[in-house]
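Welcome! Please take a moment to look over the sequence and the 3D view before reading on.

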Amino acid sequence: MAPNTSKSGKSTPKVSQKLNSVEKIFIKYRRCDSPQTWWIVFGVVCLLTAATRFYKVGEPEHVVWDETHFGKFGSWYINRTFFFDVHPPLGKMLIGAFGYLTGYDGMFPFVKPGDSYEGVSYLGMRVCCTAMGACLVPFAFIIVWEMTFSLPAATLAASLILFDVGLLTLTQYILLDPILLFFIMGSVVGIVKFHAQREKPFSISWWAWLCFTGSMLSGSVSTKFVGLFVVIYVGLHTIKSLWDLYGDLNNSLTYVAKHFLARALGLIVLPVVLYFVYFYIHLTVLCKSGNGDGFYSSAFQSQLEGNSLYNASMPLELAYGAEISLKNARTGGGYLHSHIHLYPEGSGARQQQITTYSHKDFNNKWLVKKWNEEPGDWEDDDPVELVKNGDLIRLEHVPTGRNLHSHREPSPVTKRHHQVTGYGENGMGDVNDVWRVEVVNGEEEEVVKTVVHKLRFVHYLVGCALMSHNKQLPKWGFEQMEVTCNPNVHDLNNLWNIEENVFPKLPNSSFEIYGPNFVEKFLESHTVMFQGNSGLKPKEGEITSQPWQWPINFKGQHFSGGKPRIYLLGNPVVFWGNLVALVCYFTLCTWNSFQIKRGYSISPNVRARRDKTLEACGWLVLAWGLHYLPFYAMGRILYFHHYFPALLFSSMLTGVILDYLLESLPSMVPQYLSSSVYPWLTGLFYSTLIYSFYLFAPLAYGMHNLDPSFENSTVHQIRWLDSWEF
């Protein structure tokens, strides 16, 4: 659909017969008084986008940065293997679908960055992700056009995104970022196009753009939780629109209510329904057990199949002599685990480490014994004795033969708790190995049951309860979770489930009947994801960045250390220009307020153009702030790539401000320069932008055999800051 070019509120310079052909072209470009001009410019922008984005999309031919995660997740969707991730599923499902539809069989392991793709059909996934990332440029063009009806502003904004090497790098690989950015920008396209239909309420196009916006919002949140920021933005835009409708006294309350209900349906109900649908597909497709299901409760896992470490069919009752695995009952809890390594000096007794571990492992197996005797062999004819509520037991670590043990030594991390260790040899220890098993809300002498019962293990002598929480041990504990003996016996972190129960003398039972329904699994999935996000802390020696560094392009991010090398860094002309534009916006706001207060006489054309500019910039600054400022309050690990959603809005703001300044300059210079200052300054800007892209493009397309240490190296010449580590 061709744009309505008659909407423009900006001044249109008159064409002089003395102007040369270049100046006439610029006048036509600034006026945009025909749909053909708009489509020509838009077409050129799209062609340049395709040329820059798909150039060398297959290079490097090895795993780059987080492709090791998201390529693996795509493989698991193809293989229907359950996994855990801190992000919602839609982006990963799309990557899996891209791979499946383009011939990828899901067999590549994606072990680590640098692994060769030789013989792997990876290109389809890269191309599809790149295609979604390429849509950002035309999306920006459309957004700014709808906000300003200025073709130069739309072109400037799109060009700043087109020629940023950082966005190019981030959207060329098998990552969630191009998918997330696509949905974020699609949401904004939807709301501005929907706003453009305000003169045709409840028409087909009005409903279509409303539903499009709702679908894009759902896609944003269903890819990463930071998609909530664009939901807030669209929500504020919608509140403003409804407030304007309510403030128009020509509109009845019934009419306003109809608008409210329509928006609630399109922007709340539809996204929520789609969000549930994506999770339903996710939980239905991933029906085979895998490493990631260890983050979920035993009941959740009872409906997963195909993992040799977990049997969906096993004895319901617990007997002495059974081999079990214990899982902390809180959502996201780990398995009780031990290994041959000892606690180091200064961390309590130098005995065997006890931890919790999130994945299934042979080191999670424990033998259940009476407190005062050893169990018989499974082949013996001894009668089966069941473990009951209140019994005193010992738990022997099957691989190492050491008993679960506690004493009054302080725990290594949580000093107010007591240390838990592995002690003894071949099951022989001392009285500090004795624990009382308690069934939560259980009857006296009630038989302990697998999966169904929540259990508490209370130390016989010290009186504390076995506990696990989210605190990580240092590197000497392999960054696994700390296990302590908690003096507060009734802490909810003291509860455990028996997940695996191996005892041939008892009949097996199916646990599918104890599996949760979809709503319970949906809620548990979100609890685990939120816990996982909050637990993303920087590891020792890991390079991270701070939010204050992002807008100034202070530090980049390594994408590929192999050949060719890839380094995520923004185009400094774009980043630093965006900061200048932000200052110009606030200066213009201040100057405009000053003129209004002092009663300055402003021509209607200047007033209309300034109001249009300030309104558009106000919404773009709001979007930039929503996508940037919340990171200052986040406690999780942060990286440079988290800034790029905000960068999109900052770049669009720069396009609008720059267009306003370029349009204002001709009236500030002598008459004989007024017709040429605009094309000259515009040409200078685009020349600088394109040349800067040319200089920094090797960071995105790959640095081949270039050593930055050499003074004559091309890469060395563009290392303007010491903090740029390429």
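## About the model

This is a predicted model, in which local features need pLDDT of at least 70, side-chain atom pairs count only at pLDDT 80 or more, and totals for chains, interfaces and linings use all residues. Residues are numbered from 1 along each chain as its sequence is written, and side-chain values use heavy atoms, with hydrogens and water left out.

## The disulfide

Let us begin with the cysteines. The structure holds one disulfide, a term that stands for a pair of cysteine sulfur atoms within 2.5 Å. Its partners are Cys464 and Cys485, whose sulfur atoms are 2.0 Å apart. The link of Cys464 and Cys485 is right-handed, with 95 degrees about the S-S bond. The pair links distant parts of the chain, 21 residues apart: Cys464 is in the loop between strand S10 (455-459) and strand S11 (465-472), and Cys485 is in strand S12 (residues 481-486). Helices (H or I, at least four residues) and strands (E, at least two) are DSSP runs, numbered from the N terminus.

Are these two cysteines buried or exposed? Cys464 is buried, with a relative accessible area of 1%, and Cys485 is buried too, with 0%. Here buried means under 20% relative accessible area, exposed means over 50%, and partly exposed is in between (1.4 Å probe, protein chains only).

## Cysteines without a bond

Cys129 is in no disulfide; the nearest cysteine sulfur belongs to Cys128 and is 7.1 Å away. Cys129 is buried, at a relative accessible area of 0%.

Cys617 is buried, with a relative accessible area of 0%.

## Helix H5 and its neighbours

Cys129 is also one of the buried residues of helix H5. Helix H5 (residues 123-134) has twelve residues and reaches 16 Å from its first C-alpha to its last, close to the 16 Å expected at 1.5 Å a residue. The expected span of a helix is 1.5 Å times one less than its number of residues.

The buried residues of H5 are Gly124, Met125, Arg126, Cys129, Thr130, Met132, Gly133 and Ala134. They pack against helix H2 (35-54), helix H3 (67-79), helix H4 (90-101), helix H6 (136-148) and helix H9 (177-196), where contact means heavy atoms within 4.5 Å.

## Salt bridges

Side chains of opposite charge can pair when their charged atoms come close. A search of the whole structure finds 15 salt bridges, each being a side-chain nitrogen of Lys or Arg within 4 Å of a carboxyl oxygen of Asp or Glu. One of them joins Asp177 and Lys224, with the closest N and O atoms 3.7 Å apart. Asp177 lies in helix H9 and Lys224 in the loop between helix H10 (204-223) and helix H11 (228-247), so the pair ties together parts that are 47 residues apart in sequence. Asp177 is buried, with a relative accessible area of 5%, and Lys224 counts as buried at 8% relative accessibility.

Arg456 forms a salt bridge with Glu438, the closest N and O atoms being 3.3 Å apart. Since Arg456 lies in strand S10 and Glu438 in strand S9 (residues 435-439), the pair ties together parts that are 18 residues apart in sequence. Arg456 counts as buried at 12% relative accessibility, and Glu438 is buried at 18%. Arg607 and Asp611 form another salt bridge, with the closest N and O atoms 3.4 Å apart. Both lie in helix H16 (residues 604-628), four residues apart, about one turn of the helix. Arg607 counts as partly exposed at 22% relative accessibility, as does Asp611 at 36%. Lys369, Glu374, Arg394 and Glu396 are linked in a network of salt bridges.

How many residues of strand S13 (residues 495-502) are buried? Seven of its eight residues are, and the strand is mostly covered.

Strand S2 (residues 323-328) and S13 pair in the antiparallel sense over six bridges; two strands pair if DSSP finds at least two bridges between them. Glu323 has Val502 in S13 as its bridge partner. S10 also pairs with S13 in the antiparallel sense, over two bridges, and Leu455 stands opposite Trp496 in S13.
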